[in-house]
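Dear colleague,

I am passing on the structure below, together with some notes on what was found in it. Please read the notes with the model open beside you.

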Amino acid sequence: MITKIRYDAFYGTPLDHLLRLWGIDTLVICGTVANICVHYTAASAALRWYDVVIPRDATSALDPFDLESSLRQTAFLFAGRVTTAAGLHA
């Protein structure tokens, strides 16, 4: 378990170091408030060349518009894949 200190799970944590140590190159990111914590963590992951996957049914936001906007940005800006939890197995 890694404790986040900011919205971005990479900021000020050993997350990137550990993922590289373990040979991880794809991250499935889900959680609450898609347009804040999920978004900033996905952006930070993409900037570090990780493949980003977000299951839309395992992610929420305070407003439906915010969720859709964040998912769209993930796909467009970060070249991430938006799927469903069931789609993770595909």
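The notes go from the chain as a whole to single residues.

This is a predicted model, in which local features need pLDDT of at least 70 and side-chain atom pairs count only at pLDDT 80 or more, whereas totals for chains, interfaces and linings use all residues. Residues are numbered from 1 along each chain as its sequence is written, and side-chain values use heavy atoms, with hydrogens and water left out.

**The chain as a whole**

The chain holds three helices and three strands, and these follow one another along the sequence in the pattern α-β-α-β-α-β. Helices here are DSSP runs of H or I with at least four residues, and strands are runs of E with at least two, numbered from the N terminus. The radius of gyration of the chain is 12 Å, which agrees with the value near 12 Å that a compact globule of 90 residues would have; this radius is taken over C-alpha atoms, and the globule rule is 2.2 Å times the number of residues to the power 0.38. Along the principal axes, the C-alpha atoms fill a box of roughly 35 × 30 × 25 Å.

Of the 90 residues in the chain, 34% are buried, where buried means under 20% relative accessible area, exposed means over 50%, and partly exposed lies in between (1.4 Å probe, protein chains only). The accessible surface of the chain comes to about 5900 Å², and 61% of that surface belongs to carbon and sulfur atoms; the areas come from the Shrake-Rupley method with a 1.4 Å probe, and for residues only the protein chains shown count as cover. Among the contacts with a separation of 6 or more, 65% are made by residues 24 or more positions apart, a contact being heavy atoms within 4.5 Å.

The chain has 7 positive and 8 negative charges, whose mean positions are 4 Å apart. In this count Lys and Arg are positive and Asp and Glu negative, with His and the chain ends not counted, and each charge is placed at NZ of Lys, CZ of Arg, CG of Asp or CD of Glu.

**The cysteines**

A search of the whole structure finds zero disulfides, a disulfide being a pair of cysteine sulfur atoms within 2.5 Å. For Cys30, the nearest cysteine sulfur is that of Cys37, 12 Å away. Cys30 counts as partly exposed because its relative accessibility is 45%, and Cys37 also counts as partly exposed, at 24%.

Helix α2 covers residues 34-47, and its buried residues are Ala34, Val38, His39, Thr41, Ala42, Ala43, Ser44, Ala45 and Ala46. What covers these buried residues includes β1 (26-28), β2 (51-55) and α3 (64-77). After α2 comes Trp49, with a positive phi near 70°.

Val33 lies in the loop between β1 and α2, and its phi is near 60°, a positive value in a residue other than glycine. With a relative accessibility of 21%, Val33 counts as partly exposed. Apart from neighbours within four places in sequence, Val33 is in contact with Val38, Ser60 and Ala61, while its C-alpha atom is separated by 13 Å from that of Pro55, 22 residues away along the chain.

Phe65 and Thr74 both have their place in helix α3. Phe65 counts as exposed, as its relative accessibility is 61%, whereas Thr74 counts as buried, at 0%. From C-alpha to C-alpha, Phe65 is 35 Å from Gly23, and the two are 42 residues apart in sequence.

Not counting residues up to four places away in sequence, Thr74 touches Ala42, Val52, Ile54, Ala79 and Gly80. Ala79 itself is found in the loop between α3 and β3 (81-83), where it has a positive phi of about 55° although it is not a glycine. At 70% relative accessibility, Ala79 counts as exposed.
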